[in-house]
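Student: Please show me the model, and then let us go through some of its local geometry.

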Amino acid sequence: MEEARESDFRKVESNSYMDADDLDLSRLLDKPMLIIERKRSLDERTISEISIAGNFRNVESYENMFSPMASGAGWNTPASSTPHALETVPMVSEAWDALRRSLVYFRGLPVGTMAAFDNQSEEVLNYDQVFVRDFFPSAMAFLMNGESDIVKNFLLKTLQLQSCEKRIDRFKLGEGAMPASFKVLHDPIRKTDTIAADFGESAIGRVAPIDSGFWWIILLRAYTKSTGDISLAESSECQKGMRLILSLCLSEGFDTFPTLLCSDGCSMIDRRMGIYGYPIEIQSIFFMALRCAFSMLKHDTEGKEFIERIVKRLHALSYHMRTYFWLDFQQLNIIYRYKTEEYSHTAVNKFNVIPDSIPDWLFDFMPTRGGYFIGNVSPARMDFRWFALGNFFAILSCLATPEQSTAIMDLIEERWEELVGEMPLKIIYPAIEAHEWRIVTGCDPKNTRWSYHNGGSWPVLLWMLTAACIKTGRPQIARKALDLAEVRLLKDGWPEYYDGKLGRYVGKQARKFQTWSIAGYLVSKMMLEDPSHVGMVALEEDKAMKPVLRRSASWTC
C-alpha cells in the first residue's frame with residue numbers, strides 16, 4: 001500500500017450517490033443467525049468425514065441451483081463457531097482485541113477494518129483506510145466467529161461505491177471497477193460521515209486494482225456459504241454488481257489467451273516487480289471469482305448471457321493454465337530442450353521461450369517430487385518465480401488438478417527452508433537483486449532483496465496455506481507453520497512483513513499491528529480448530545470442466 005494524500009481523494013457525500021433508505025444498513029441486518037454445534041478439530045476428523053458432512057441450510061443446493069456444471073459434493077461450513085471459543089488462549093485473545101480496535105465505523109455501523117492500527121508510527125499514509133483485499137481475512141475471521149453483520153455492511157458499502165464516477169485525469173474507468181480502498185471522514189461539527197474512495201488515482205503509479213472486484217465476489221460467496229443467507233447474493237444490487245465486474249474482465253479484445261492482461265502494481269504486489277503480463281496471482285483469483293459468480297448468478301435474461309460466457313472462459317482458462325503455467329521436474333527438462341523459432345500449429349515451444357533464459361537457481365530449486373504454477377507466461381517470456389498467493393488459490397479454486405495440488409504441497413515440504421524459513425511465508429521466491437533488481441523494480445528502495453514484495457515473508461499468507469493444506473489433506477504442514485508464527489508474531493507486534501532469506505527480521509518499513517497479519521493468524525487458527533470453515537473459500541472440483549491432461553511427473557499414488 002502506498003502513500004495517498006487525503007486531499008487527493010474524491011470526497012463523496014454519501015447521500016450524493018445513494019438515498020436515505022440505502023444508507024440504513026441496520027434494516028438489512030435482520031436475518032437470524034443460525035447457531036450450529038461446534039465441529040471436531042481436524043485432528044479428530046478425517047478429510048473424507050468433512051466432505052460428506054450433512055448439508056447446512058441447503059447452501060450446497062443453492063450453489064448448485066443455477067449450476068449445471070456443479071459436482072454435487074461440497075465443503076460444508078457452519079454458520080459460525082461458538083463465539084469466542086478460542087479466546088481463552090492468550091495470543092488469540094490479544095489478536096481479537098487488536099482486530100476489533102481496527103474496526104472502521106460509518107454512521108455508527110462497522111463497515112471494515114483499517115489496514116494497520118500502529119500508534120507508534122508517525123506517518124499514517126493510507127494505512128488508516130479500509131482496503132478491499134486487506135479486509136478479506138478480517139471478514140473470514142468475523143464470519144467464523146458468528147459476526148456476519150460487519151461483512152454484510154462491507155459488501156453493501158463497497159457495492160455502493162462501485163457506482164461512483166471513476167476518473168483519473170481525463171480518463172474514465174470502467175463502470176464495474178471496485179475501489180482499492182475507502183476512508184471514512186468524520187465531521188464532528190456537522191456531525192456527518194463522508195466516504196472517500198480511491199480507485200487507483202491516489203496510488204503511486206496510478207494503477208487501478210484489478211483484484212478488488214474478484215475479492216468482492218469471492219467474499220460474497222463466503223458470506224453466503226457461512227450464513228446461509230442467499231437473499232443478499234440474490235438481490236438485484238448484488239446481481240448487477242457481479243455483472244458489472246464480469247463485463248470488465250470478460251470483454252472481447254485483441255488477446256489470443258484466456259488469461260487477463262495486467263500491468264505491474266495491480267494486485268497485492270502493488271509496486272513494480274515485473275509481474276506485468278499474465279501474473280499467476282490475478283489468474284488464480286480471476287478463476288476463483290468466475291466460479292463463485294457462476295454459482296450465484298440468477299438464470300434470468302441478463303444472468304444467462306454471463307453464465308454462458310463464464311462457462312466458455314473457465315474451460316479455456318483451466319486448460320491454458322494447467323498446460324502452459326505448470327512446471328515440475330519433467331516439464332523443466334522439456335523446456336530445457338526446447339527448439340526455437342518454430343512455426344506452425346504443431347510447434348512444441350508455442351511461446352518461443354529461449355532455453356538459455358531459464359535462471360540458474362531453478363535447476364537446484366526444482367525437486368524431483370513437487371511442482372508449481374510459475375509466475376507468468378507470455379511471448380518469449382516465462383517468469384519462473386514462485387508466487388504463494390497464486391498457487392494457494394489455484395488449489396482452493398480447483399484451477400489446479402488434484403495431482404497438481406498434491407505436487408504444490410510436496411514442493412512446500414521439499415523446499416521448506418526456502419519458502420517458509422523461520423516466519424511463514426515467502427510471497428515470492430527467489431528475490432531479484434543487483435542489475436536485475438535495478439531493471440525490474442526501477443531501483444525501488446522498498447523492494448530491495450529479501451524485503452517487502454521482493455522475497456519478504458508475509459504472515460497474512462498463513463491462512464491461505466492453512467486452507468490449502470486442509471483441502472489437500474495435509475494439515476500437519478499448516479500446524480508446523482502456525483507453530484513458527486506463534487513464536488514471534490505477538491512479541492513482534494504483528495508486523496506487516498519480515499525481511500531476510502529466512503524471514504528472521506521484522507521488515508525495515510513494516511507497520512506494526514497490521515490488520516491482515518492479525519486476521520490471517522486468527523483464520524488459520526480457527527480453520528485448524530474447525531476445518532469445516534475451509535468451505536467458505538474452497539471449491540469442489542468440477543468434473544465437467546476437467547480436461548484430459550497427463551499426470552504430473554511428481555504425482556504418485
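Tutor: Helix H5 (residues 132-144) packs against helix H6 (residues 148-162) at an angle of about 150°, and their axes are 8 Å apart. Axes are lines fitted to C-alpha atoms, for helices over the stretch in contact, and angles run from 0 to 180 degrees between N-to-C directions. Helices (H or I, at least four residues) and strands (E, at least two) are DSSP runs, numbered from the N terminus. This is a predicted model, in which local features need pLDDT of at least 70, side-chain atom pairs count only at pLDDT 80 or more, and totals for chains, interfaces and linings use all residues. Residues are numbered from 1 along each chain as its sequence is written, and side-chain values use heavy atoms, with hydrogens and water left out.

Student: Is H5 roughly parallel or roughly antiparallel to H6?

Tutor: The angle between H5 and H6 is about 150°. Angles under 35 degrees count as roughly parallel, over 145 as roughly antiparallel, 65 to 115 as roughly perpendicular and the rest as oblique. H5 is therefore roughly antiparallel to H6.

Student: How many residues of the contact of H5 with H6 are charged?

Tutor: H5 contributes Val132, Phe135, Ala139, Phe142 and Leu143, and H6 contributes Ser148, Ile150, Val151, Phe154 and Thr158; contact means heavy atoms within 4.5 Å. Ala, Val, Leu, Ile, Met, Phe, Trp, Tyr, Cys and Pro count as nonpolar, Asp, Glu, Lys and Arg as charged, and the others, Gly among them, as polar. In the contact of H5 with H6, eight residues are nonpolar, two are polar and none is charged.

Student: In the hairpin of E2 and E3, which residue takes a positive phi?

Tutor: Strands E2 (residues 103-106) and E3 (residues 109-113) run antiparallel and are joined by four bridges; strands pair if DSSP finds at least two bridges between them. Tyrosine 105 has proline 110 of E3 as its bridge partner. Two residues lie between the strands, and the positive phi, near 55°, belongs to arginine 107.

Student: What is omega for the cis peptide bond that joins tyrosine 429 and proline 430?

Tutor: Proline 430 is in the loop between E14 and helix H17 (434-441). For its cis bond with tyrosine 429, omega is about -5°.

Student: Does tyrosine 452 count as buried or exposed?

Tutor: Tyrosine 452 lies in the loop between H17 and H18, and has a positive phi of about 50° although it is not a glycine. Buried means under 20% relative accessible area, exposed over 50%, partly exposed in between (1.4 Å probe, protein chains only). Because its relative accessibility is 0%, tyrosine 452 counts as buried.
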